[in-house]
Amino acid sequence: MLISFYFVVVLCAFIWCFYDGVTQPKLMYHLQILFNSMILHGYVPREFLSGVITPLVKDTEGDIMSSNNYRGLTLGVVFASLFEMAVLLKIGHLLTTDCLQFGYKSGHSTSHALYVLRSCVDYFTNHGSNVFAAFLDCSKGFDKIDHHGIFIKLMKRKVPLCFLRVIIY
């Protein structure tokens, strides 16, 4: 379940082709060795775990003095991003989500969720039914998530242990 040289070439090509016109085969070879070593040994270099957090205002017309009006954007190490992409290419098929999940999912947004909600409400009101809704605010839910439960779910989805060791790091 190691990262092949092909994956590293695909990941690096778009970056270095634009940088100097030629991809660097030696660099890609060394990245392949680094990425595979990280997977085999379950170790992530400390530098991969660091980043610069930039605060972004959520609502420019809201209270800019409130910490709840900000979200953090972390700018990380390029090689860490390449490693993440390589891992997703390798095991992404095991990480599917429910079709009704809209947040944190490529190609989906809250506007899709609002459309589904509005369509349901319109359908039932047009057919003479009352519509009742309950909403749950899961803000800051990621901070309170059961990480042990996530790893159990990943194991049930047959994510290879070598990748779980890297993720748990």
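Q: As what does Y123 count at its relative accessibility?
A: Residues are numbered from 1 along each chain as its sequence is written, and side-chain values use heavy atoms, with hydrogens and water left out. A residue is buried under 20% relative accessible area, exposed over 50% and partly exposed in between (1.4 Å probe, protein chains only). Because its relative accessibility is 47%, Y123 counts as partly exposed.

Q: What kind of aromatic pair do Y123 and F124 form?
A: The search of the whole structure finds two aromatic pairs (ring centres of Phe, Tyr or Trp, the last by its six-membered ring, within 6.5 Å; planes under 30 degrees apart are stacked, over 60 edge-to-face, the rest tilted). The rings of Y123 and F124 lie 5.1 Å apart, centre to centre, with 90 degrees between the planes. F124 is partly exposed because its relative accessibility is 43%. The pair of Y123 and F124 is edge-to-face.

Q: Which residue meets D122 in a salt bridge?
A: The structure holds one salt bridge, that is, a side-chain nitrogen of Lys or Arg within 4 Å of a carboxyl oxygen of Asp or Glu. Both partners lie in helix α4, four residues apart, which is about one turn of the helix. At 3.2 Å, N to O, the partner of D122 is R118.

Q: Which element of the chain has the lowest mean pLDDT?
A: The chain averages a pLDDT of 80, and 82% of the residues score at least 70. Helix α4 (residues 110-126) has the highest mean among the elements, 90. Where pLDDT is low, the predicted coordinates should not be read in detail. The lowest mean, 57, belongs to helix α1 (residues 5-20).

Q: How far apart in space are N36 and F83, C-alpha to C-alpha?
A: N36 is placed in helix α2 and counts as buried because its relative accessibility is 10%. F83 is placed in helix α3 and is buried because its relative accessible area is 7%. F83 also lies 9.4 Å from Q32, C-alpha to C-alpha, although 51 residues separate them in sequence. N36 and F83 are 47 residues apart in sequence, and their separation in space is 9.7 Å.

Q: What is the area of the nonpolar surface patch made by V52, L56, L73 and L75?
A: Patches are made of residues with over 30% relative accessible area and no salt bridge, with like charges joined within 9 Å and nonpolar side chains (Val, Leu, Ile, Met, Phe, Trp, Tyr) within 5 Å. Both β1 (51-57) and β2 (70-76) supply at least two residues of this patch. L75, in strand β2, is partly exposed because its relative accessible area is 48%. By the Shrake-Rupley method with a 1.4 Å probe, for which only the protein chains shown count as cover of residues, the patch area is about 320 Å².

Q: What value is phi of K158 near?
A: Most residues other than glycine have a negative phi. K158 is found in the loop between α5 and α6 and is exposed because its relative accessible area is 67%. Its phi is positive, although K158 is a residue other than glycine, and lies near 70 degrees.

Terms used: pLDDT = per-residue confidence, 0-100.
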